[in-house]
Amino acid sequence: QERLVESGGGLVQAGGSLRLSCAASGGLFGNYAMGWYRQAPGKEREFVASIDWNGAKQYYSDSVKGRFTISRDNARNTVALQMNNLKPEDTAIYYCAADTYGVAGKRLTVDLWGQGTQVTVSY
């Protein structure tokens, strides 16, 4: 019954911004490392960003570093991804992910996935 639900996806022009949110329920959210992955059509799912259980450390893929920011609010069981200066190559389904180990890195051992939210960046 643990569940992650993403929201905030949509259509935006290149250079614009979008904020994704992930709400967790039914688990010990404050103990988990959290992350965001994305998958474009015909491509494998790839790491985007992650954050430690207490928010002390954040990690980003090279392609989004300096443009995206991951954050979390353990009191509200949420994790967010602020996406600025969006590019057409950012177009993908974005998935929230939980790692029960609690320590983040440039990859996660994902124990729970959200259902995904579509982000489309136009020229």
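In which strand is the place of R38? R38 sits in strand β4, which covers residues 33-39. A strand here is a DSSP run of E of at least two residues, a helice is a run of H or I of at least four, and both are numbered from the N terminus.

Good morning. The model is a predicted one, in which local features need pLDDT of at least 70 and side-chain atom pairs count only at pLDDT 80 or more, while totals for chains, interfaces and linings use all residues. Residues are numbered from 1 along each chain as its sequence is written, and side-chain values use heavy atoms, with hydrogens and water left out.

Let us consider the overall fold. The protein has zero helices and 11 strands. Its radius of gyration is 13 Å, close to the 14 Å that the globule rule gives for 123 residues, so the protein is as compact as a globular protein of that length. The radius is taken over C-alpha atoms, and the globule rule is 2.2 Å times the number of residues to the power 0.38. Along the principal axes, the C-alpha trace spans about 40 × 25 × 25 Å.

Of the 123 residues, 44% count as buried. Buried means under 20% relative accessible area, exposed means over 50%, and partly exposed lies in between, with a 1.4 Å probe and protein chains only. The protein exposes about 6,400 Å², of which carbon and sulfur atoms supply 48%. Those areas come from the Shrake-Rupley method with a 1.4 Å probe; for residues, only the protein chains shown count as cover.

Next, contacts, meaning heavy atoms within 4.5 Å. Among contacts between residues at least 6 apart in sequence, 60% join residues at least 24 apart.

I now return to R38. Is R38 buried or exposed? With a relative accessible area of 5%, R38 is buried. Leaving aside neighbours within four places in sequence, R38 is in contact with a list of residues including E44, E46, V48, F68, E89, D90 and Y94. R38 and V48 are 10 residues apart in sequence, and their C-alpha atoms are 6.7 Å apart in space.

A second residue in a strand is I70, found in β7, residues 68-73. I70 counts as buried, at 3% relative accessibility. Not counting residues up to four places away in sequence, I70 touches several residues, among them M34, W36, S50, Y60, V79 and L81. The C-alpha atoms of I70 and S50 are separated by 6.9 Å, although the two residues are 20 apart along the chain.

Let us move to the loops. K65 lies in the loop between β6 (58-60) and β7, and K106 lies in the loop between β9 and β10 (112-113). K65 is partly exposed at 47% relative accessibility, whereas K106 is exposed at 53%. Which residues does K65 contact, leaving aside neighbours within four places in sequence? They are Y60 and K106. K106, with residues up to four places away again not counted, touches F47, Y59, Y60 and K65. K106 and V48 are 58 residues apart in sequence and 8.3 Å apart in space, C-alpha to C-alpha.

N77 has a positive phi of about 55 degrees although it is not a glycine; N85 has one of about 50 degrees and is not a glycine either. N77 is in the loop between β7 and β8 (78-83), and N85 is in the loop between β8 and β9 (92-99). Both are partly exposed, N77 with a relative accessible area of 26% and N85 at 44%.

On a 1 Å grid over the protein atoms alone, a cavity is a set of points where a 1.4 Å probe fits but cannot get out, and lining residues have an atom within 4 Å of a point. Grid points are joined across faces, edges and corners, and a volume is the space filled by probe spheres set on the points. How many cavities of 30 Å³ or more are there? The count is one, and the volume of the largest cavity is about 60 Å³. Its lining includes E2, R3, L4, F29, Y32, N77 and L112. The elements that give two or more residues to this lining are β1 (3-7) and β3 (18-25).

By class, the lining has six nonpolar, four polar and two charged residues. Here Ala, Val, Leu, Ile, Met, Phe, Trp, Tyr, Cys and Pro count as nonpolar, Asp, Glu, Lys and Arg as charged, and the others, Gly among them, as polar.

Thank you for your attention.

Conventions
1 Å grid on protein atoms, 1.4 Å probe; cavity = no way out; pocket = protein on both sides within 12 Å on 5 of 7 lines; lining within 4 Å.
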